[in-house]
Amino acid sequence: MTTRTRTVHTEPVAAVGQPTLSGHVQGYLARLRGGDMGALPAILGLVVLCVFFSVLRPNFLTAGNFANLFTQGAAVVLIAMGLVFVLLVGEIDLSAGFASGVCAAVLANLLTIQGYPWYVATLAALGTGVLIGLALGFLVTKVGIPSFVVTLAGFLAFQGVMLMLIKGGTSVPVQAEPIVAIENNNLPPLVGWLLAAVVVTGYAASQLLRYRNRSVRGLVTDPLSVVLVRIGTLAVGVGGTVHVLNLERSLNSLISSNRGMPVVVPLIALLLVALTFVLSRTAYGRHVYAVGGNREAARRAGISVDRIRISVFVVCSSMAAVGGVVAASRFSSVDANTGGSDVLLYAVGAAVIGGTSLFGGKGRVVDAVLGGAVVAVIDNGMGLMNASSGVKYLFTGLVLLLAAGVDALSRRRAVATGNR
Amino acid sequence: MSGTPLLELRGVDKSFGPVQVLHDVAFSVHPGEVTALVGDNGAGKSTLVKCISGIHGTDAGEYFFEGQPVTINGPRDAAALGIEVVYQDLALCDNLDIVQNMFLGRERRSGLVLDEPAMEEEAARTLASLSVKTISSLRQHVSSLSGGQRQTVAITKAVLWNSRLVILDEPTAALGLAQTAQVLELVRRLADNGLAVVLISHNMNDVFAVSDRIATLYLGQMVAQVRTTDVTHAQVVELITSGRSGRLGTATETGNGYLSTRVAGAAE
């Protein structure tokens with residue numbers, strides 16, 4: 001049927017027949033060899049690390065620890081998701097960690113010190129993120145200071161602002177129920193399954209619709225088998241995750257039950273879907289990639305390059321604000337360490353480990369989640385092994401270096417094979 | 001011969017500070033024809049193109065499009081008339097695929113969402129209308145394309161927008177023999193499809209292979225605009241290097257380029 005549609009139109013030069021399954025696999029392998037690794041290093045790394053820690057520490061592989069991974073990694077993943085936008089246009093935001101700290105401090109200050117209701121404080125925290133992003137973006141694009149320097153200055157300055165907001169570094173408690181719930185409460189198991197069903201059905205519907213839409217028009221599509229495998233993989237992954245999260249984690253379930261999906265998981269999933277949609281399905285997202293790929297080409301195509309560059313800083317700082325609120329929720333308090341120490345580097349590491357290029361133009365939001373999972377597993381596993389902070393930092397640093405090395409080498413390979 | 005020129009410039013002057021780059025330039029481009037714009041380095045070719053495409057304003061002179069006087073205040077005005085420029089450095093994004101590059105900045109949407117199938121079909125149709133057979137998949141990244149293929153994409157991108165006049169800045173400068181032939185064929189086909197084409201080139205073989213008219217700039221003056229069949233290689237080279245060749249061209253100190261063009265035109 002597709003062939004008939006094709007012969008009716010003028011001969012479409014571009015359609016070279018539908019690729020077969022083996023053709024698809026070969027194409028994928030060719031891309032790998034050409035240096036387009038995608039998320040493969042992160043997934044492999046994740047598997048290797050999980051096996052490694054499970055063998056050394058059997059309690060790594062418990063339902064309780066699995067849930068911990070999510071709550072421990074949430075803030076870093078959220079910040080990394082925003083960082084992907086900045087990295088995509090070839091900039092960097094070193095201040096994202098303390099930007100999340102400032103936003104968390106605004107939240108704590110308004111909630112606890114000034115006694116505003118939680119929604120006012122949360123909106124103010126998110127608004128602070130937007131303002132920080134606007135300021136950074138303005139300084140980078142309109143004044144023309146390199147983003148490295150602007151955000152390095154922000155790194156120091158925001159630390160100061162944060163200390164002032166929480167009155168010189170005391171720990172300010174955050175007790176508003178809805179905020180604390182994000183990291184400390186679980187959804188009922190049934191709701192978890194419902195959400196999983198919604199996600200899988202939604203993904204399947206969008207993939208199959210796309211497949212049908214394209215094959216009806218006689219355009220090249222991925223083989224149906226590949227589409228189905230993709231849907232199946234997601235279903236198994238999501239289903240497995242929900243199943244494990246719904247297992248009883250409490251040592252004595254009679255006293256207190258602790259099962260179900262932590263509230264932060266659907267929050268991350270929602271933002272992942274929303275931001276992925278923005279990047280891959282809207283003109284704005286296309287323009288972000290274009291600015292990162294060739295700024296001059298983007299400008300000549302009539303894209304307002306400055307506006308795009310400012311907007312990515314806004315997205316990044318806003319996501320940092322979300323990360324800050326989540327961090328405040330996790331400890332039910334905000335202190336001088338919120339968003340500080342290793343948060344930023346973990347977030348940059350997460351994005352890069354996931355496959356987002358430091359050179360701009362290449363990356364996806366899901367990279368932040370995959371890379372964030374790697375970082376969370378390392379952090380968690382090292383903790384279980386009672387490794388000293390020194391060993392932990394050293395190990396994480398090496399993994400980040402490895403990821404950046406893979407990025408640089410695959411880029412070189414891509415240039416060599418004309419597949420930049 | 002082909003009636004009103006699609007684009008006609010008269011008496012265009014352009015200075016950058018104390019340096020006058022264009023003196024009283026007249027230039028006309030006809031639909032369905034390839035007009036080669038030749039001249040040595042610094043003769044003012046690029047400046048003239050930038051004046052046409054609205055990147056530079058002019059200090060003096062008139063601009064006619066389809067015989068109507070128009071004012072061009074910026075690239076947008078020129079684009080609105082259907083004038084597209086394909087620059088030497090192509091301006092493609094390596095990290096995007098062919099369709100994405102072709103529609104960059106003017107994406108088709110249905111609602112909020114990009115309408116990828118529509119864009120892909122349109123791109124395939126445009127390539128087919130130009131009989132481009134050198135591109136196997138529209139969804140491959142531009143980075144994986146050869147120089148000739150990239151040039152093809154850049155030119156096709158310019159054609160996609162119902163453009164009337166396409167200006168190509170040295171499209172074959174960095175290409176091998178086979179690829180040059182492909183691109184020249186494409187240039188010819190643009191004109192055969194009814195577009196007006198301006199081809200900037202240093203390569204006389206290319207110029208004589210595809211152009212219908214040759215316009216020669218010499219030190220900022222339009223010294224001759226003639227039909228390609230009326231001149232020889234040697235004459236054009238002479239025009240480029242010395243501004244005159246026999247009765248063609250008048251590179252005088254007073255720079256009476258406008259008159260010379262009329263004379264050349266009368267020779268048609």
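**A helix crossing, a covered helix and an interface**

Hi everyone, let's start with a pair of helices: H15(A) and H16(A) cross in a right-handed way, meaning that the near helix is turned clockwise from the far one by less than a right angle. Before going on, this is a predicted model, where local features need pLDDT of at least 70, side-chain atom pairs need 80 or more, and totals for chains, interfaces and linings use all residues. Residues are numbered from 1 along each chain as written, and chains are lettered from A and ligands numbered from 1 in the order written.

Back to our pair. H15(A) spans residues 343-353 and H16(A) residues 365-384, helices being DSSP runs of H or I with at least four residues, numbered from the N terminus. Their axes come within 6 Å and cross at roughly 120°; these axes are lines fitted to C-alpha atoms over the stretch in contact, with angles from 0 to 180 degrees between N-to-C directions. Among the residues making the contact are A:Tyr346 of H15(A) and A:Asp367 of H16(A), where contact means C-beta atoms, placed from the backbone, within 7 Å.

Now to chain B. How many residues of helix H1 are buried? Eight of its eight, over residues 45-52, with buried meaning 20 or more other C-beta atoms within 10 Å of a residue's own. B:Lys45 and B:Lys50 are included. After H1(B) comes B:Gly54, with a positive phi near 85°.

Finally, the interface: 33 residues of chain A contact 30 of chain B. On the chain A side, H12(A) gives the largest share, six residues. Thanks, folks!

Notes:
Two residues are in contact if their C-beta atoms, placed from the backbone, lie within 7 Å. Helices (H or I, at least four residues) and strands (E, at least two) are DSSP runs, numbered from the N terminus. A residue is buried if 20 or more other C-beta atoms lie within 10 Å of its own, exposed if 12 or fewer, and partly exposed in between; C-beta atoms are placed from the backbone.
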